[in-house]
Structures are given as C-alpha cells and as structure tokens.
Amino acid sequence: MQNLLLLLKEISFNLYWSWNKDAIELFNEINPDFWNWSGHNPVKFMNEINHNYLLDAIDRKNLGGKILTIYKDFKKYLDKDKYFGEKYYKTDEPQIAYFSAEYGLTECLKIYSGGLGVLSGDHLKSSSDLGLPLMGVGLAYHYGFFVQMINSNGWQTENYEINEFQNLPLNLLRDDNFNPVRLEINFPGSTVFVQVWVLLIGNIKLYLLDTTLPENTVEDRRITDILYGGDTEKRISQEIILGIGGIRLIEKLGFDIKAFHLNEGHSAFLCFERIKNYMTKNKVSYEEAKAACYNSNIFTTHTPVPAGIDIFTHDLFVKYFRKYAEEEIGVSVEHLFLEGDLTKDQIDNDKFNMAYLAINNSNFINGVSKLHGEVSRKMWMLSDNKSRIESITNGVHTPSYLSANSNSVYCRYFTKDWIYDENIWNRIDEIADEDIWAMRIFNKHSLIEFCRESIKSKWILSGADKIKLAEVKGILSPEALTIGFARRFATYKRGNLIFRDLDRLKKIIKNTSMPVQFVFSGKAHPKDEGGKTLIAEIISYSQDEDLKNKIIFLDNYDINVARHLVEGCDLWLNNPRRPLEASGTSGMKVIANGGLNFSILDGWWDEGYSPELGWKINSVMDENISLEQRDSMEAASLYDTLENEIIPMFYLRDSKGMPVQWIKKIKASIKQLAPFFNTGRMVKEYCDRFYMKVK
Ligand SMILES: *Cc1c(COP(=O)(O)O)cnc(C)c1O
C-alpha cells in the first residue's frame with residue numbers, strides 16, 4: 001500500500017497527469033472536495049491529505065488496481081517509440097531550446113496569462129508526445145496572472161494568488177554535488193543570482209528561472225515575482241533573466257543546442273548572449289558570430305499590431321546594456337542598440353524594439369496562421385526578402401481540452417490509445433449519430449452544472465439566503481442552443497458585438513420554441529479601463545429581465561473555465577476585427593468535443609472554414625467605411641446567420657428528436673479540422689521545416 005503512495009507521488013510530479021483522464025478521475029474519486037480544494041493540484045493534494053485517510057480511501061474504494069494501471073500507462077507513454085526518434089535519430093540530450101515568457105500547462109500552475117501561454121504549454125505537451133529532444137525555458141513567477149472577481153457593480157477586481165512552489169511539481173535544479181545551480185548576471189549596480197526549477201511534462205523538461213534568493217537585493221528578488229506586472233524597467237529586467245539567463249543555463253548544463261526557438265520577442269536578448277559565447281569560443285568578430293548564430297534562431301511572432309511589441313527607450317537600454325556591451329562583448333552599446341532597429345537607419349532612434357532584435361537575428365521567422373503571415377510581411381515590410389516571414393498555423397493539444405466523457409466515447413469506438421493515432425479522425429463516421437448526440441448532451445449538462453456551481457458559490461460568498469440559492473436551478477437550460485464567447489476583453493475582439501442590436505438579440509433569445517443562451521467569460525488587462533467597461537456592460541445585460549439566466553458571465557477565465565466551456569458549448573463564437581486576431585485557438589478546442597465554430601474569417605478560421613463544417617460572419621474590410629458602420633454591418637451578418645441558418649438547423653429534428661443536419665456538421669468538423677488544428681501537427685511542422693533544417 002505504501003508503495004502505491006510512492007507511485008501516486010511520482011505521477012503527481014509529471015504534468016502527464018494533466019491530460020490523462022484516468023489520473024484526473026482518480027484524484028477526484030479519492031475525494032472530490034479535497035481535489036477541488038487543492039485547485040486541481042496533485043502535489044498539493046498529496047502533500048496536504050492525511051495519509052491514513054488516503055490509504056483508507058484507496059482501500060475502501062478499491063483504487064489500487066487503477067493506480068497501477070495509470071502508472072503502467074505513464075511509463076509506457078514515456079518509453080514508447082515516438083515520431084522524432086523514428087524519423088530522425090535517438091538522443092537523450094536536448095537539441096532544441098524553446099523560450100517563452102509564459103506557459104499555460106494546467107490551472108494550478110499560474111505562470112500564464114492567456115493565449116500565448118496556452119500555446120507554449122501545448123507546444124511542450126506535443127513535443128513530449130512526439131519525442132522531440134526539446135527543453136523549455138521560462139520564468140518562475142511567484143505570483144501568477146490575476147484571479148478575476150466581478151464585484152456587485154459588474155466591475156472587474158484583481159486578486160493575485162501566490163504560487164506555492166512547495167506545493168507544485170517543481171524540483172530545484174542541483175549540480176553533481178547536490179548544490180543548487182546558480183546563474184549570475186550583471187545588472188547596473190548589482191549581480192543578480194538566479195536559481196532554477198525543473199518541471200516535467202511527459203519527457204520534456206521546462207526550466208524556470210527564479211531570482212528570489214537571499215543573496216539578491218530586495219529589489220532584485222522581485223524581478224521574477226509577477227507575470228506582466230510593473231513598468232518597462234521590470235520588463236527589461238525579466239527579459240534579461242529569460243534571454244541571457246536562459247543561455248547561461250544551457251552553457252552550465254553543457255547542452256549542445258542546435259535550434260533556439262524564440263516564442264514571441266520577450267526572450268530575444270538571448271541573441272546577444274549567443275553571439276558573445278560564439279565570439280569567445282571561436283575568436284571571431286561580432287559580425288561573424290552574429291552570422292553564425294543567425295542560422296539557428298527561430299522567431300515566432302504572435303501579434304499583427306506594432307503596439308503589441310515590447311519597446312525600450314534608448315536611456316533604459318543603455319542603462320542595462322552599456323557594461324554588458326563594452327566589458328562582456330567588446331562592442332559599443334550603440335552597436336547593440338542598432339539591433340533593435342529594423343532598418344538600421346536610426347529613423348526612430350529612441351526605440352529599441354524586441355521584435356526587431358529577433359528579426360535581425362533569426363533565419364526562420366513565422367506568423368501563426370496563413371493570414372497572419374501575410375499581415376506580418378506587410379507590417380514589417382522587410383527590405384531584404386519579403387517572403388522571409390513564413391507561417392505555421394497554431395494548434396491545440398487536443399487531449400488537454402477533451403472532456404472525459406468525449407474521451408470515453410472515442411475509447412469505446414476506437415482503442416484506449418486512440419489519441420496518439422493521428423489518422424484516427426478518418427474513422428469518425430463509424431460513431432453512431434446517437435452517440436455523438438449523447439456525447440453533446442452530456443458535455444453540455446456538465447457545463448451547465450459547472451456554471452450553476454460557480455454562480456452559487458459566488459452567491460454564498462455574498463450572503464445569499466436559501467431562497468436565492470434555489471434560483472440557480474433556473475440558470476441556463478440543457479435543451480437550449482448554447483453559445484460560448486470567452487477571450488480577453490480587448491477592444492478589437494469586440495466582446496459586445498452581439499449586443500449591437502439589442503431588440504434583435506432579445507427576439508432571438510426570447511423565442512421559447514427555439515431557445516438560445518450565451519455563456520461569456522474573459523479577463524480585461526488590469527490597466528484597460530475600456531476592457532473593464534465592456535465586461536460591466538455584459539454583466540448589466542445579463543441582469544436584464546429578458547436576458548437573465550440566458551446570458552451569463554463566468555468569473556475568472558482560466559484553463560479550468562476554458563476547458564468546461566469548450567467541452568460544453570454547442571457553438572463557439574468569435575468576432576474580432578479582421579485581421580487583428582493572429583490565430584486564435586479557443587475555437588479549435590471545441591472541435592473534438594463536438595462543438596461547432598461561428599466566426600469572422602480571421603486567424604485560423606480564415607483557413608479552417610468551409611460551409612459544410614461551420615459558419616462565417618461576413619467581415620467588411622473597406623477603408624472608406626467607419627469602424628462604427630463596420631461593426632453594425634458585421635453584427636447584422638451575425639444575426640442573419642444565427643436566425644436563418646444556425647438556429648433552424650439546431651432545432652430541425654427527426655422522428656427520434658435528433659438534429660441530423662447538425663450532427664452531420666459535427667462529424668464534418670471533426671473529420672476535417674481535428675487532424676490539422678492541433679499542436680501535434682504544428683510541432684511536427686516546426687520540427688521538419690525549421691528545427692531540423694538548421695545547418
Ligand atoms: C485557449 C485559451 C486562450 C486563447 O484563446 P483565443 O481564442 O486565442 O482567445 C486564452 N486563455 C485561455 C485560458 C485559454 O484556455
């Protein structure tokens with residue numbers, strides 16, 4: 001029995017559990033309340049649970065066999081032959097280093113804010129599935145992105161929860177003598193010491209850098225305290241730790257890395273450190289070293305707007321890089337400063353642009369959808385060769401966003417390991433329509449249950465009485481067409497577009513013979529008053545007598561809320577202003593759960609859409625039309641399609657009560673979209689087109 005606890009502990013220390021439905025179910029089965037209390041965190045669960053209770057529960061509920069099976073599956077997963085080993089070569093040492101400022105891996109590890117982080121997390125998970133010799137580098141933030149609470153006025157408030165490192169699957173990196181590894185980086189006026197935490201994601205190691213050390217000044221300890229908080233000075237400090245610290249870590253570990261992947265520009269200072277190392281090792285000039293390193297840097301850009309990029313002033317740059325340039329590299333600081341200028345003509349001579357630093361130093365550059373590739377080529381107007389920016393369309397790690405119920409349906413028809421078979425979706429037609437529909441109904445029921453519980457616990461906190469609490473049963477209906485809209489509340493994403501013509505929306509929602517309901521969720525940046533106003537507006541609509549219980553807003557959009565939403569919604573709505581959505585990935589998460597997409601043809605949907613598998617909202621891209629007019633025209637297209645096509649199709653039932661046309665669309669959507677819009681395909685593309693092309 002004690003042995004079972006050791007196995008459980010080992011499972012809890014590898015994020016493999018986060019996409020293994022049996023493992024999640026196991027913790028839930030031991031004690032659901034305790035599992036929820038832990039924040040879906042197996043390490044905290046194991047650390048804090050009374051071990052006699054745990055042993056007793058395993059015994060009473062007869063879970064020993066399950067634990068052994070999960071452990072065996074886990075070991076089999078780690079050891080089995082995978083894509084990279086079969087296609088390229090076998091190696092135990094990392095060959096590719098992936099750098100990102102945030103990683104969204106699971107809800108209890110709050111080192112992500114949104115889409116960029118979730119993508120990095122999914123990149124690591126799929127790299128593990130494919131056996132890539134890849135290591136991740138990031139920062140170990142002590143406070144994650146904020147927890148959102150909407151107050152009684154509908155206004156977003158932010159609460160920062162601490163990441164309890166002792167209750168997370170983090171191991172301090174130690175050297176052969178068991179001493180904690182320390183990196184050192186010179187800052188103006190001090191030397192900053194860095195320690196390193198290691199996180200396991202299947203076969204992949206993610207190294208997280210942390211400056212919270214007693215030997216650092218109080219100020220320096222705070223460098224890695226929080227994700228995307230503070231001023232530009234904090235930002236430049238964090239990016240120095242990530243980029244320069246990351247390369248020092250690789251040197252210290254003695255890895256021979258062949259390809260360096262910069263996921264967004266935050267890590268681009270690594271280019272300097274690589275040049276410096278190359279100069280020292282090979283006794284060559286700055287330019288020669290730069291040319292050599294250039295070949296093995298890969299830069300992925302995620303934003304189609306210049307405002308989304310980190311920019312530092314000349315003064316700030318000089319403050320942090322003068323000594324580094326002169327004493328460590330042996331060039332002038334102005335020489336380094338020019339790397340942050342794309343044209344090198346110093347037109348904008350007060351700005352150091354991190355994306356430009358990355359572009360100037362990367363042989364491979366890509367956008368994250370075909371359309372975004374085009375937009376980036378225009379935005380940066382690269383003079384040397386305009387086709388240099390390519391595109392690799394984003395994906396999602398399907399197992400991480402698949403409901404346990406959807407998984408069990410697929411397991412029943414396919415095999416237990418179906419998820420690792422990339423051709424599996426060709427077999428979707430084998431599944432009976434009845435089972436697809438039953439899967440949908442079950443998924444939707446659990447979403448509604450989740451929404452009711454979430455709202456109920458909020459009401460309890462605000463002191464609601466029994467009569468009020470009984471009202472939760474009236475929230476949402478399992479029969480109604482359920483539309484999800486969840487994303488960051490940035491203006492271009494137009495979270496309130498659906499409310500553009502309130503009378504028309506009310507007519508749709510109040511139609512009792514064909515009911516429609518909406519679930520909203522999303523955070524606004526703490527400093528974005530406009531975004532917060534949008535949220536308040538939606539909250540106030542959700543309290544309107546005609547819309548109450550049919551439009552709801554879920555607090556704190558995070559990976560947990562996202563998973564429930566993409567599992568349960570019938571339809572996923574996305575209506576950004578084209579072409580500002582670089583890719584978008586949430587819509588991809590509904591596919592394997594049987595949800596359908598309804599979006600502007602932007603980002604991934606621009607290439608994924610086809611009439612037999614989803615719907616589009618017509619978008620107006622005409623410079624002579626004002627934004628106001630454009631929003632009205634696009635909203636009209638949205639209502640038209642909802643009223644004339646989507647709602648009638650959902651409610652068109654056969655004699656058995658089945659929406660035959662709708663189910664046909666679900667199957668077409670899964671068959672055509674699921675094999676492509678996933679990070680397995682995406683990581684293979686990075687591997688075959690970029691990583692393994694490095695000379
Ligand atoms: C998937 C996901 C995102 C990204 O979705 P978009 O469609 O790009 O907006 C953001 N936040 C969370 C929590 C997610 O799970």
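N353 is found in strand β12 (residues 351-353); strands (E, at least two residues) and helices (H or I, at least four residues) are DSSP runs, numbered from the N terminus. The model is predicted: local features need pLDDT of at least 70 and side-chain atom pairs count only at pLDDT 80 or more, while totals for chains, interfaces and linings use all residues. Residues are numbered from 1 along each chain as its sequence is written, and side-chain values use heavy atoms, with hydrogens and water left out.

- N353 is buried, with a relative accessible area of 7%; buried means under 20% relative accessible area, exposed over 50%, and partly exposed in between (1.4 Å probe, protein chains only).
- Not counting residues up to four places away in sequence, N353 touches I309, D310, I311 and G340, where contact means heavy atoms within 4.5 Å.
- From C-alpha to C-alpha, N353 and E48 are 46 Å apart in space, and they are 305 residues apart in sequence.
- K276 belongs to helix α11 (residues 270-282).
- The relative accessible area of K276 is 12%, so K276 is buried.
- Residues up to four places away in sequence aside, K276 touches R248, Y324, E328 and I329.

**Domains**

- The protein is divided into domain 1 (2-79), domain 2 (89-269 + 297-309 + 363-395 + 683-693) and domain 3 (400-677); these bounds come from an automatic or database domain assignment.
- The centres of domain 1 and domain 2, taken over C-alpha atoms, are separated by 29 Å.
- The contact takes 17 residues from domain 1 and 20 residues from domain 2.

**Ligand site**

- There are 14 residues around the ligand, and A562, G584, T585, S586 and K589 come nearest; a residue is near a molecule if one of its heavy atoms lies within 4 Å of it.
- Both domain 2 and domain 3 give residues to the shell around the ligand, so the ligand lies between them.
- Helices α8 (115-129), α22 (559-568) and α23 (586-590) each supply at least two residues of this shell.
- By type, the shell residues divide into five nonpolar, five polar and four charged; Ala, Val, Leu, Ile, Met, Phe, Trp, Tyr, Cys and Pro count as nonpolar, Asp, Glu, Lys and Arg as charged, and the others, Gly among them, as polar.
- A ligand oxygen atom is 2.5 Å from an N or O atom in the side chain of S586.
- For the side chain of K589, an oxygen atom of the ligand is 2.6 Å from an N or O atom.
- At T585, a polar backbone atom is 3.2 Å from an oxygen atom of the ligand.
- On its own the ligand has 380 Å² of accessible area, and the protein covers 93% of that; accessible areas come from the Shrake-Rupley method with a 1.4 Å probe.

**Helices α2 and α17**

- In helix α2 (residues 21-30), the residues K21, A23, L26, F27 and I30 are buried.
- The cover over the buried residues of α2 includes α1 (2-12), α3 (32-37), α4 (42-48), α5 (51-60), α6 (64-79) and α17 (404-413).
- An α-helix has 3.6 residues a turn, so residues three or four places apart point the same way.
- At the start of α2, a side-chain oxygen of N20 reaches to within 3.1 Å of the backbone nitrogen of D22.
- In α17, the buried residues include N405, S406, N407, V409 and Y410.
- Covering the buried residues of α17 are elements that include α2, α18 (433-461) and α26.

**Loops**

- N678 lies in the loop between α26 (660-673) and α27 (679-690) and counts as buried at 13% relative accessibility.
- The side chain of N678 reaches the backbone oxygen of P675 at 2.9 Å and the backbone nitrogen of G680 at 2.9 Å.
- Leaving aside neighbours within four places in sequence, N678 is in contact with G395, V396 and T398.
- P579 sits in the loop between β18 (571-574) and α23, and the peptide bond from R578 to P579 is cis, with omega near 0 degrees.
- N549 is in the loop between α21 (529-542) and β17 (551-554); although not a glycine, N549 has a positive phi of about 70 degrees.
- At 25% relative accessibility, N549 counts as partly exposed.
- N556 lies in the loop between β17 and α22 and, although not a glycine, has a positive phi of about 55 degrees.
- N556 counts as buried, at 16% relative accessibility.

Note on methods
Polar contact = N/O pair within 3.5 Å; in protein donor to acceptor, adjacent residues only side chain to side chain.
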